[in-house]
Amino acid sequence: MEREKILALHGLTMKYKSVVAVDNLSFAIDKGSITGLIGTNGAGKSTVVNLISGSGKPTSGEILFKGTHLEKLPADRIARLGVARTFQNLRIFGKLSVLDNVRIAAQARHPYNFVQMSLGTRHYREQECAVTETARDVLRRLKIDQYAEAQAGSLSYGHQRRLEIARCLALNPELLLLDEPAAGMNPNESAELARDIRQIRKETGTTILLVEHDMSVVMSLCEYIYVMDFGILLGEGEPDTIRSNPEVIRAYLGAERKYA
Ligand SMILES: Nc1ncnc2c1ncn2[C@@H]1O[C@H](COP(=O)(O)OP(=O)(O)O)[C@@H](O)[C@H]1O
Ligand SMILES: [Mg+2]
């Protein structure tokens, strides 16, 4: 039986002045899956993530999330619909504590207004507790709860990457877009992160689109993989199909060896 598609791109195109970053791209993602998006540097992967999450507007084409058109919506509306994303270049608040970094995200889920806050109403106090509980829960899932009180900027790079994911999870997203979550990690850290991402999907049921160039992470996590090259779709399939696709090997896996 066909699985339900949570996200579908139709003819998505993004042109910058002289570059077509995404060129008439169409693909769909199964609800509940971990789907990979791979390709060499500059293939257009981050642009796709930007377009889905609303931090850029496509030149043309459609993005459907559970049947709702996202291509004209502002980023905050898209986030409230249940789409969260991490950034390839981390966007954490270095001077704040690890816990506060996640609390800021969690507050979006447990809103209170300024009057309630000023008066210290029961609603405000309850929401504050819920925010802290949510924040601690996601820090535990990402195994960085022991650093809750530390300054975020003092964490190791790998832990900062985990914090970035924790902030997304605090929004309780239905679709999580991870842009190179294992970048800069050593093989042990990447393998550990892959295990934790698998566990998160199992426990939360969140659908994940994983942009990653660490092939061991991609191959071990993804049920289905799309390969981009120069803005277009070069290939797609299950990990075994991708591994043995000659075009993919030439364009991507060959290049990977060169970079290694
Ligand atoms: N804001 C921008 N302005 C102009 N060109 C851009 C911009 N963002 C990305 N590009 C170009 O679009 C192409 C795709 O970039 P990107 O989506 O970052 O690729 P990837 O994430 O696969 O490495 C590249 O050629 C890049 O230089
Ligand atoms: Mg990128």
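Pro-187 sits in helix 7 (residues 187-204), where helices (H or I, at least four residues) and strands (E, at least two) are DSSP runs, numbered from the N terminus. Pro-187 counts as exposed because its relative accessibility is 66%; buried means under 20% relative accessible area, exposed over 50%, and partly exposed in between (1.4 Å probe, protein chains only). The C-alpha atom of Pro-187 lies 9.3 Å from that of Val-217, and the two residues are 30 apart along the chain. This is a predicted model, in which local features need pLDDT of at least 70, side-chain atom pairs count only at pLDDT 80 or more, and totals for chains, interfaces and linings use all residues. Residues are numbered from 1 along each chain as its sequence is written, chains are lettered from A and ligands numbered from 1 in the order in which they are written, and side-chain values use heavy atoms, with hydrogens and water left out.

**The whole protein**

- You can find 10 helices and 10 strands in the protein.
- The C-alpha trace spans about 65 × 45 × 40 Å along its principal axes.
- Of the 260 residues, 49% are buried.
- Among contacts (heavy atoms within 4.5 Å) with a separation of 6 or more, 66% come from residues 24 or more positions apart.
- The accessible surface is about 12800 Å², and carbon and sulfur atoms hold 51% of it; such areas come from the Shrake-Rupley method with a 1.4 Å probe, and for residues only the protein chains shown count as cover.

**Charges**

- There are 33 positive and 31 negative side chains, and the centres of the two sets are 4 Å apart.
- Lys and Arg count as positive and Asp and Glu as negative, while His and the chain ends are not counted; the place of a charge is NZ of Lys, CZ of Arg, CG of Asp or CD of Glu.

- Ser-46 is partly exposed, with a relative accessible area of 23%, and Gln-88 is partly exposed at 33%.

**A well-covered helix**

- Seven of the 10 residues of helix 3 are buried, so this helix is mostly covered.
- Val-98, Leu-99 and Arg-103 are among the buried residues of helix 3.
- The buried residues of helix 3 pack against helix 5 (122-141) and helix 6.

- Most residues other than glycine have a negative phi.
- Asn-24, in strand 2 (residues 20-30), is not a glycine but has a positive phi of about 55°; Asn-24 is exposed at 54% relative accessibility.
- Asn-172 also is not a glycine and has a positive phi, of about 50°; Asn-172 lies in the loop between helix 6 (157-169) and strand 7 (175-179) and is partly exposed at 49%.
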